[in-house]
Structures are given as C-alpha cells and as structure tokens.
Amino acid sequence: MIINNVRLVLEKQVVQGSLEMRDGVIRSYSDTVSQLPSALDGEQGWLLPGLVELHTDNLDKFFTPRPKVDWPAHSAMSSHDALMVASGITTVLDAIGVGDVRDGGHRLDNLSKMINAITHSQQQGLNRAEHRLHLRCELPHDSTLQLFEQLMHTPGLSLVSLMDHSPGQRQFVSLEKYREYYQGKYQLGQAEMAAWEQQQIALAQRWSQPNRAAIAAHCRQQGIALASHDDATAAHVDESQAIGSVIAEFPTTEAAARRSREQGLKILMGAPNIVRGGSHSGNVAAHQLAQAGLLDILSSDYYPASLLDATFRLAQDDGNPYDLSRAVALVTANPANALGLQDRGIIAEGKRADLVLAHSIHGHAHIRHVWAQGRRVY
C-alpha cells in the first residue's frame with residue numbers, strides 16, 4: 001500500500017512525499033509523489049509514527065464507568081482499545097494500580113480482572129493497538145510487595161513505577177491540594193480527612209522504603225524497566241537512579257527534572273499538563289520544562305486525545321526548542337527507546353508500519369487514519 005501526498009514527519013525533518021508499506025513494515029519512503037492511481041491520497045496531511053503511550057489509567061474508566069458499576073471485561077477492553085487507536089496510539093502500556101491508597105493495598109476485584117483482560121485480548125489478537133502492562137506500585141501499604149510478587153511474571157509487563165502519594169511530600173507538598181484532591185475523590189468530611197492523613201503518613205513511614213528497595217530489586221533481576229514517580233528533590237532523583245530507574249515520571253520541580261537529566265533518566269510529563277497550561281496539583285508545568293529543554297517523553301495519563309494535541313501545541317510554540325520532528329519524538333521514538341522497542345517509533349525502512357495520518361483543522365490536529373503493522377485500524 002502507498003500513502004501519497006503527505007508531509008512525512010521524519011527524525012530530523014518534515015518532507016513532502018509518499019510512503020510504501022508491505023507485510024506490516026515500512027518498505028520505503030520518498031520525497032516525490034507516487035503516480036500510481038491506487039495510492040491513497042493523504043491530501044497533504046502529516047504522516048507520523050504511531051504514538052507510544054507509557055502511562056495511562058484510561059482502562060479504569062471503562063471497567064468502572066460509574067461508582068459501584070462493574071462493566072463486563074471484554075466490552076470494557078474493546079472500548080478502551082478503540083479509544084486508543086482513535087487517539088493515534090498504536091502501542092500502549094495500560095497502567096494498573098497495585099496498592100491503592102483507598103482500598104488498603106489493591107483495587108478490589110478489578111485488579112486481576114483488568115490484567116487478565118489486557119493479557120488475554122493481546123494474546124488472542126483482539127486488540128487493534130498493541131497493549132502491554134505497566135504496574136503502578138503504591139508503596140505505603142503492607143500488601144503492595146506481596147501483590148507485586150504475584151504479578152511480576154505477567155506476560156507483557158514492560159514497566160513498573162514506584163509511587164508514594166502520602167501527604168506533605170512529592171506530588172502533594174501542598175496539604176491544601178492533597179485535601180482538595182482526596183476530599184473531592186472520596187467525599188471525606190473534615191474529621192475523616194484528618195484521620196485519613198495521619199493514617200497515610202504512618203503507612204508511608206512503615207512501608208515506603210522497604211517496598212521501594214524490594215520491588216526495585218525484583219525489576220533489576222527480571223529486566224523490567226523501572227520508573228520513579230513525582231520526584232521533587234535532587235535526593236529523590238539520586239535514590240531513583242541508584243535503584244535502577246530509567247524514567248522519571250512527572251518530576252514535580254524543575255530542580256528534580258534537571259537532576260534527572262544529569263543522572264540520565266528520561267523525563268516524562270503529562271500531555272494534559274501541556275494542553276491545560278499547568279499541573280492540577282500545583283507542581284511544575286510541563287511547558288516550563290519544555291522551554292528549558294527538559295522534556296523527553298509525553299504521556300496522555302488520564303486523557304488519551306491529549307497526546308497528539310500536546311505534540312502539535314509544543315511544535316507551534318516558539319518559546320521552546322521543540323520543532324515538529326522533535327515534538328513527535330516525545331510520543332514516538334523516545335518512549336519506544338526507553339523500553340528498548342527498537343522496531344517502532346520512527347518512519348524508516350524496515351520499521352513497523354505503525355502510522356498516523358493527521359490534518360490541521362481550525363488550528364487543531366485531527367486524526368484521519370491510523371495503521372498498526374500495516375493494517376488500517378481507524
């Protein structure tokens with residue numbers, strides 16, 4: 001198949017031309033327009049590699065669309081997968097929480113149900129995107145390590161992140177923001193919130209460090225990529241680097257981001273942070289790190305469509321060093337390389353034909369078609 005009359009977003013430049021794919025891979029591309037009448041006319045849209053998403057908890061919304069509503073697993077997984085490809089995402093790490101801050105160490109029955117849905121649908125070829133597993137380990141709980149040890153051999157496990165959402169540090173240095181978030185999420189009164197805070201602080205003091213060390217050791221032994229989460233200080237970053245982290249997820253300060261760059265960690269920030277213009281937790285804004293050149297990977301986090309939107313917003317902003325090729329690498333080549341996935345993430349001969357055709361309408365990027373390994377899935 002030939003995609004014709006497109007702007008090819010390559011590693012270092014954008015070229016007007018055409019691309020041929022066959023047997024699931026890119027066979028060739030050219031800076032000339034094909035004369036074959038069977039070629040698909042891309043109408044001068046942008047053709048870029050399929051997006052690679054490392055951290056989305058979007059699956060939760062489909063398994064529990066409303067409080068106390070459990071949706072059938074097959075339907076939930078299918079709907080989630082459809083939204084991924086409609087957002088241009090062809091490789092996705094579904095982030096599943098182990099050690100939920102509310103449920104005493106697990107997400108009740110949904111934990112195994114969601115993991116089974118991811119692995120089964122992928123093994124059976126039911127998905128249009130390629131789905132892998134990301135375990136988000138909430139460290140301040142007695143059951144977190146045990147649950148992780150039960151899950152660490154799950155097929156497709158590609159990333160583990162170590163999180164500590166206890167009050168007064170990291171993401172929630174501001175107790176006001178902490179109370180605003182959890183009182184809103186769990187409808188806690190003032191007395192309930194005070195008791196909740198003290199409980200979370202006590203759990204963190206008892207379990208965070210031993211769980212961090214033990215889970216990191218397992219990841220090093222199993223060769224699973226490890227990510228820090230919400231590092232706020234140079235000391236946090238140094239600890240993350242020492243235990244083997246390769247990705248710094250959502251550093252909360254510019255100082256932590258700079259130290260992550262010095263220590264060789266890839267800096268991941270949320271695409272919604274770019275679209276909204278700031279962090280909902282009051283921490284460092286992603287565009288501030290972009291202006292300083294301290295941004296390596298974008299994640300859609302809780303809003304899949306934000307990934308492509310944020311990419312084009314960055315490329316159109318003269319206040320940062322990210323032209324379109326470099327901005328697209330934040331959601332394609334860079335996340336793929338962080339996981340050692342060398343077969344995707346760029347437009348080059350022999351790479352997977354994971355591709356997105358997008359057009360600009362009224363200043364916003366809109367997805368026209370998506371291909372996964374040469375098969376049109378949207």
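## Charged side chains

In this predicted model, the chain carries 33 positive and 40 negative side chains. The centres of these two sets lie 2 Å apart.

## Overall form

The chain has 378 residues, for which a compact globule would have a radius of gyration near 21 Å; the chain has 21 Å, and so agrees with that expectation. Taken along the principal axes, the box filled by the C-alpha atoms is roughly 70 × 45 × 40 Å.

The secondary structure comprises 13 helices and 16 strands. Of the contacts between residues at least 6 apart in sequence, 65% join residues at least 24 apart.

## Burial and surface

Buried residues account for 55% of the 378 residues in the chain. The chain exposes about 16000 Å², and carbon and sulfur atoms supply 48% of this area.

## Helix 3

Helix 3 covers residues 110-123.

The buried residues of helix 3 are Asn110, Leu111, Met114, Ile115, Ala117, Ile118, Thr119 and Ser121. After helix 3 comes glycine 125, with a positive phi near 70 degrees.

Definitions and conventions
Residues numbered from 1 in each chain as written. Predicted model: local features only at pLDDT ≥ 70, side-chain atom pairs only at ≥ 80, totals over all residues. Heavy atoms only, no water. Helix = DSSP H or I, 4+ residues; strand = E, 2+ residues; numbered from the N terminus. Rg over C-alpha atoms; globule rule 2.2 N^0.38 Å. Buried < 20%, exposed > 50% of the residue type's maximum accessible area, 1.4 Å probe, protein only. Contact = heavy atoms within 4.5 Å. Areas by Shrake-Rupley, 256 points an atom, 1.4 Å probe, with all protein chains shown as cover. Lys, Arg positive; Asp, Glu negative; His and termini not counted. Charge placed at Lys NZ, Arg CZ, Asp CG, Glu CD. Expected span 1.5 Å × (residues − 1).
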